[in-house]
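Try each one before reading on.

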Amino acid sequence: MLPRALLDELRCPYCGGGLALAAEVRGEGAGVSDGIVRCACGESPVLEGTLWLNKRVDGHIMGDPPAVAAALARLREGDAEGAMVEALLDAARHPLRRAATGLGRAGVRAPALLGPVKRWVRDRIVRDRTLTFARAVYLLRNRPYADYLYQRFANPSLMSAIPLILLLSGVAGGQRAGGQGTGGRGTGEPKTARPWHPRVVEIGGGAGHAAFLMGRYFPGLEVVLTDGDFSNLFMAGRYLAPGSVRICLDAEAPLPFADGSADALFSMDAFHYMRSKVAVAREMRRVAKADALWLLPHLHNALGWNPSAGYPLAPGEYLRVFAPLGVRLWPQGEVLERFAREQAVDLSRAAEPGALEKADALAMVAGPESLWRRHELAEGYFRLGPDLGLNPLLRRAADGAGDARGASGLYRPEWPSEELRAECLDGAGVIPASVRVDPGLIARLGKAPLGEAEAAEVRGLMRTFSLVPLPGAYGEAG
């Protein structure tokens, strides 16, 4: 649901005007599920609680994207389901949709091809509540990107983000001054009072893996997940982070949030894809509280190698862009290695000379002076529960002694592509080449107290990311 009180705070990124609910198709209590929001320069849809403010089309600002216009038309008819179909149509991995797109680029319109595609999106994606993330991601994303999203828990970008996410304990546990937010870009009271929860604004949150972990470890946080791709946010709302607030926006446009309204800023694997880095950083500073926590756990290094590099900067240039914050940088691999070994992150230690220049990816942190110390994270990380499951990268294997495949509980990593394996080399020293896991132990998690030996076994599996927290609807790829 889109909180009505947050809607009162937001401003249009393009005209700067306030946002007001013009039509509500579905909603309840303090939240809006589906409807139309109006500002001085136009209208924006709310679809299953996700507010779509992004107007960028093929890299250009050109009014409402076709999917937005079509979704708005369906919402005006009171058809929330049809609006969602229109919103997801362009992302659908259906042969007829791809054919229609190819013809359109050649100047030939083929609307008749889209009728079957719309029915397919409605029945296979929108209506099917048994669909798991593992299935949905391959219906909406091309295979390399779907593999990347599904295997996120084996990617060092997310694994190294976990210790930084656990630093949010200082935000989640503190009642900070000014926590009620403001009614606009300046000062003033919100139009609608809301219960105060510490707010984390995530920039470029994708399908919601980091937001899921934030909600798991700190359920009292208000996680505002933003991304430029609506289909990613649809999957976040359905499968990974349904409790988050989701806004589809262009991060290189002004952010819609009020001044000083965020207790923490988080961005993983996104900032290096933005061209207007100084402008984005300035907007992030505007919406952050003076004592906000800044966590950017995965930044590509222009001096290193990355398969999808984007527009990265060298370490010194990142420091320059964020200079007013007094940020500190560490090699991502160092953060991950220490966390896997010690379940700690040591922010009191500077990176070794030359280490930043050699790293392929960097982790950035900024915040109050109390932050710069060693943080012991084991107590927060080893939170046992029924949501712990085998890392999706691990597959059953025969043990070489004549056992049937999987009978011995032996598992090995199975990468969907050599390209993804190469991208995740930083994590190769963390996830074991083979691991034995008792399926009965996993089944008992959260259902009955574990003995000390079993709890120690679970902690050992979590240290190697063999057991990871998984959303209930994550599922297995087919």
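**Exercise 1.** Find how many disulfides the whole structure has, then check the sulfur of C39.

*Solution.* Searching the whole structure for disulfides (pairs of cysteine sulfur atoms within 2.5 Å) turns up zero. Now take C39: its closest cysteine sulfur sits in C41, 3.5 Å away, so that's too far for a bond. As for burial (under 20% relative accessible area is buried, over 50% exposed, in between partly exposed, with a 1.4 Å probe and protein chains only), C39 counts as buried because its relative accessibility is 13%. C424, at 1%, counts as buried too.

A quick note on ground rules: this is a predicted model, where local features need pLDDT of at least 70, side-chain atom pairs count only at pLDDT 80 or more, and totals for chains, interfaces and linings use all residues. Residues are numbered from 1 along each chain as its sequence is written, and side-chain values use heavy atoms, leaving out hydrogens and water.

**Exercise 2.** Work out how α3 and α12 cross, and which residues meet.

*Solution.* Start with the axes (lines fitted to C-alpha atoms over the stretch in contact, angles from 0 to 180 degrees between N-to-C directions). Those of helix α3 (residues 80-88) and helix α12 (residues 230-240) come within 9 Å, crossing at roughly 130 degrees. Next, the contacts (heavy atoms within 4.5 Å): from α3, M84, A87 and L88 meet F230, S231 and F234 of α12.

**Exercise 3.** List the buried residues of helix α15 (residues 332-342).

*Solution.* They are Q332, V335, L336, R338, F339 and A340. Helices here are DSSP runs of H or I, at least four residues, numbered from the N terminus.

Methods:
Helix = DSSP H or I, 4+ residues; strand = E, 2+ residues; numbered from the N terminus.
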